[in-house]
Amino acid sequence: PGSVAFGDIPNAGNTDKVINIGNSGDVSTSNQLTATASGDYSVIFNTCTSPIAPGANVCTVTVRVTPSAAGNRAGTLTLNAGDTSTTVALSATSKAPASVQITLTQPGKGAVGTDYSKNFVMTVRNTGEIPTGAVSVSGTGNGHFSIINSSCSGLTLQPAQANSCAFTIQFTPDGPTGLVSYTATVSASPGGPKSVTVSETG
């Protein structure tokens, strides 16, 4: 290919892309392929360990980008197989990674006591510049708490808080409990996990 775009990538960590290598000529190359990359890019794996026979997708080169700054990251991949060489333009846009944010938007409401309940409504957004993975919500803690009315399951949260979801932590004691706690965790890859803890006395 004449160019390879990595698209939007998080500005922390590494992103890899596998590039298919072929030979559009009629005979094999004279040497095995050497591959070098410039800028924020590096070659981490090369399966082209023998002269390249004619054909498409004969072998692969894996390129890694490790952004050194935010914004557009340009580089080149140089491929040389003895009697033939080519240069491939590499591009990526480094952005703030997906990041789940949980906000208590409705404090606990309702009288606490036997046969009563109290609800804590949580709103979930993405404060990063890259979409999250599919969201899930789970909880651990005292058994008088539960998660209800979740609109988050399977949702992808878009960058810059463009959309949101919500869930409710409900406290329903069946008698005196003392001070008890519950932790809800929002998982997403990328973007999470993030947790929030509520406490209540029954």
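Mentor: Start with Cys 59. Cys 59 has a relative accessible area of 7% and is buried.

Trainee: What makes Cys 59 buried?

Mentor: Buried means under 20% relative accessible area, exposed over 50%, and partly exposed in between (1.4 Å probe, protein chains only). Cys 59 has 7%, so the label is buried. Bear in mind that this is a predicted model, where local features need pLDDT of at least 70, side-chain atom pairs count only at pLDDT 80 or more, and totals for chains, interfaces and linings use all residues. Residues are numbered from 1 along each chain as its sequence is written, and side-chain values use heavy atoms, with hydrogens and water left out.

Trainee: How do you know that Cys 48 and Cys 59 form a disulfide?

Mentor: By the distance between their sulfur atoms. A disulfide is a pair of cysteine sulfur atoms within 2.5 Å. Those of Cys 48 and Cys 59 are 2.0 Å apart. The link is right-handed, with 95° about the S-S bond. Cys 48 lies in the loop between strand E4 (41–46) and strand E5 (55–65), and Cys 59 in strand E5, so the pair ties together parts eleven residues apart in sequence. Strands (E, at least two residues) and helices (H or I, at least four) are DSSP runs, numbered from the N terminus.

Trainee: Is Cys 48 buried or exposed?

Mentor: Buried, because its relative accessibility is 2%.

Trainee: How many disulfides does the rule give?

Mentor: Two. Cys 152 and Cys 165 also form a disulfide, with sulfur atoms 2.1 Å apart. Cys 152 is in the loop between strand E11 (145–148) and strand E12 (165–171), while Cys 165 is in strand E12, 13 residues apart. Both cysteines are buried. In sequence order, the bonded cysteines pair 1-2, 3-4.

Trainee: Why is the disulfide of Cys 152 and Cys 165 called right-handed?

Mentor: Because the torsion about its S-S bond is about 95°.

Trainee: Which strands form the open sheet, and in what order?

Mentor: The order is E2-E5-E4, with antiparallel pairing. Two strands pair if DSSP finds at least two bridges between them. E2 and E5 have eight bridges, and Val 18 has Thr 62 in E5 as its bridge partner.

Trainee: What makes strand E2 (15–23) and E4 edge strands?

Mentor: Each pairs on one side only.

Trainee: Why is Ser 117 called partly exposed?

Mentor: Because its relative accessible area is 28%. Ser 117 lies in the loop between strand E8 (100–109) and strand E9 (118–126). The C-alpha atoms of Ser 117 and Val 61 are separated by 59 Å, and the two residues are 56 apart along the chain.

Trainee: Why is Arg 73 called buried?

Mentor: Its relative accessible area is 19%, so Arg 73 is buried. Its place is in strand E6 (residues 71–80).

Trainee: Where is Thr 132, and what does its side chain reach?

Mentor: Thr 132 lies in the loop between E9 and strand E10 (136–141). Its side chain reaches the backbone nitrogen of Leu 157 at 2.9 Å. Thr 132 is buried, because its relative accessibility is 5%.

How values were computed: Polar contact = N/O pair within 3.5 Å; in protein donor to acceptor, adjacent residues only side chain to side chain.
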